[in-house]
Amino acid sequence: MATAVIIGGSTAGLAGALALARAGHRVEVLERDPGTPPGRPADAPAQWQRPTVPQSVHSHAFGSLGVNLLREEYPEVYRELVAAGAAEIRLGDRKPPFLDDPSDRPEDAELNMLACRRSLFDLVLRQAVANHPGIVLRTGCTVRGLEFAAEGSPRVTGVRLEDGEQVAADLVIDAAGRRSPVGDWLAAAGLPAGEVRSSSCEITYYTRHYRALTKAPAGPLNRGFGAGGLWDSYTAVLFLGDNDTFSISLGVLPQDKELKGLRTEEAFTAAVAATPLLAPWLAPTVSEPISPVYAMGGLDNSLRTAPAEPVQGLFAVGDSAATTNPAYGRGVSLALAQVRLLVQVLTEHPQVGAEQSAAYAAGAERLLRPWFEDSVQNDAGRAGLWRATAEGVRPLGPPPGVLTFGQVAEAGGTDAVVWRRVARMMMTLATPETVYADGEVRDRVLRALSGGSRPGFPGASRAQLVEAVAKAAANSDS
Ligand SMILES: Cc1cc2nc3c(=O)[nH]c(=O)nc-3n(C[C@H](O)[C@H](O)[C@H](O)COP(=O)(O)OP(=O)(O)OC[C@H]3O[C@@H](n4cnc5c(N)ncnc54)[C@H](O)[C@@H]3O)c2cc1C
């Protein structure tokens, strides 16, 4: 069995450590962040400062691909999460109210989610790793470079730490996230790093966490895992969390100057209050805020394609391999699926070498490319609509014959076949092709929408939103 060193101890690195150790490898995880806070896991999200994982304070939906993998492959972690307060959600129990056929189908059993803050998720994973006898977890430990068999050799033999220490390994797993330095290290060593395709998601997120003071939901849970909508100049989504918490995330165009004020608590609250679907959740008897407003921009859809001859023994998992717009909630699922793929490849091709590298590169490409392309396409359509609204011009429609996500989602509110296909795609259980390239789905969508648009869940108009943010800014200045 091999020795593996993992750069990064967040979702991908921690899940990778558990999976590789279970497959019999000796594993060392090197994480630059200091250790986790002491005390109960449920208290950790408020205390765990993770500057190198800024998304950890933003809302996370844990989709079915990842949740099912967790249940099947890491059942002890799944049980721990539920024991620590994560709530199990079955989307089959939360179908839209006006479906033409509300009956259950066997495949609905796969539509599982977890309502949980991201910090709690990682904390429980970290505890499982720390308690695993076959894994060494070193925190406060920054990797600064790769080691190779010889200068210019296409085979990695370990990593170098900040203080110069070398950690030897047969396998090096790059789980260093969206800003992974590994590509730069390869280029500096004159080795092929592969091509990175990348385009802006054109969205900035603002998130705030709340503690619920009542048991009953304050409004309709139209997303199953929470409530939300995508309107003509913003998106607002409420995510149910662990331990009676929930969070709300607002997304706007990064260059939308009139909405920049959302980073203040006053403007954030005003924008939610202007959104009829979510406003009731902020009533003083319903919830209290438990965090400031967090902002995060600079988000890309990205895909790293392996070069023709990848460096041997080096594998990227998680965000270092691909990122998609967080709005689609796929990052954690794709990270866990890449980990499963890596373990399969190492089992089928135990010898470090070109064959092993090529098998992983081909599998990762098959897994990741459809989601990257889907995300790029959806973001272009949505950003175009938001820009047109902000500029007060008529938005361009999709090319003739092309179904949009908005259309299929709307049709899924009444047609059970479309609902199931869309739900499986959103949960990363079936590829976008199964929705957009299927004749039956197309016919059903067109039929469902032929009577005109149905009233959806209400958001604020552009004018209402801008006014709410401006008023809040004026009030906080005076
Ligand atoms: C705003 C936002 C919201 C999101 N919402 C969702 C969601 O709803 N659902 C979902 O599934 N996904 C979501 N995602 C995506 C998800 O957060 C990522 O896919 C996930 O964090 C990927 O995990 P990772 O382990 O690959 O990377 P990260 O979590 O970024 O972790 C990388 C780790 O590597 C460490 N590291 C980096 N460099 C070094 C080094 N040189 N030496 C040692 N350690 C190093 C870092 O400290 C960090 O701990 C969201 C992302 C964003 C930005």
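Visitor: Which polar backbone atom is 3.0 Å from a nitrogen atom of the ligand?

Guide: One belonging to V143. Bear in mind that this is a predicted model.

Visitor: And what does the side chain of R118 do at the ligand?

Guide: One of the polar atoms in the R118 side chain sits 2.7 Å from an oxygen atom of the ligand.

Visitor: How far is S59 from a nitrogen atom of the ligand?

Guide: The distance is 3.3 Å, and on the S59 side the atom is a backbone N or O.

Visitor: How much of the ligand's accessible area does the protein cover?

Guide: On its own the ligand has 1000 Å² of accessible area, and the protein covers 97% of that.

Visitor: Moving on to helix packing. At what angle do α3 and α8 cross?

Guide: Roughly 45°, with the axes coming within 7 Å; α3 covers residues 64–73. The two helices are therefore oblique to each other.

Visitor: Left-handed or right-handed, for α3 and α8?

Guide: The α3 and α8 crossing is left-handed.

Visitor: What about the axes of α4 and α5?

Guide: Helix α4 (residues 75–83) and helix α5 (residues 118–130) have axes that come within 10 Å and cross at roughly 130°. So α4 is oblique to α5. Their crossing is right-handed. R118, the residue with the side-chain contact to the ligand, falls in the range given for α5.

Visitor: One more pair. How do α7 and α14 lie relative to each other, parallel or antiparallel?

Guide: The axes of α7 (residues 265–273) and α14 (residues 462–477) cross at roughly 150° and come within 8 Å. The two are therefore roughly antiparallel.

Visitor: And the handedness of the α7 and α14 crossing: left or right?

Guide: α7 and α14 make a right-handed crossing.

Definitions and conventions:
Residues numbered from 1 in each chain as written. Predicted model: local features only at pLDDT ≥ 70, side-chain atom pairs only at ≥ 80, totals over all residues. Heavy atoms only, no water. Polar contact = N/O pair within 3.5 Å; in protein donor to acceptor, adjacent residues only side chain to side chain. Areas by Shrake-Rupley, 256 points an atom, 1.4 Å probe, with all protein chains shown as cover. Axes fitted to C-alpha atoms, helices over the stretch in contact; angles between N-to-C directions. Helix = DSSP H or I, 4+ residues; strand = E, 2+ residues; numbered from the N terminus. Parallel < 35°, antiparallel > 145°, perpendicular 65-115°, else oblique. Left-handed = near helix turned anticlockwise from the far one by under 90°.
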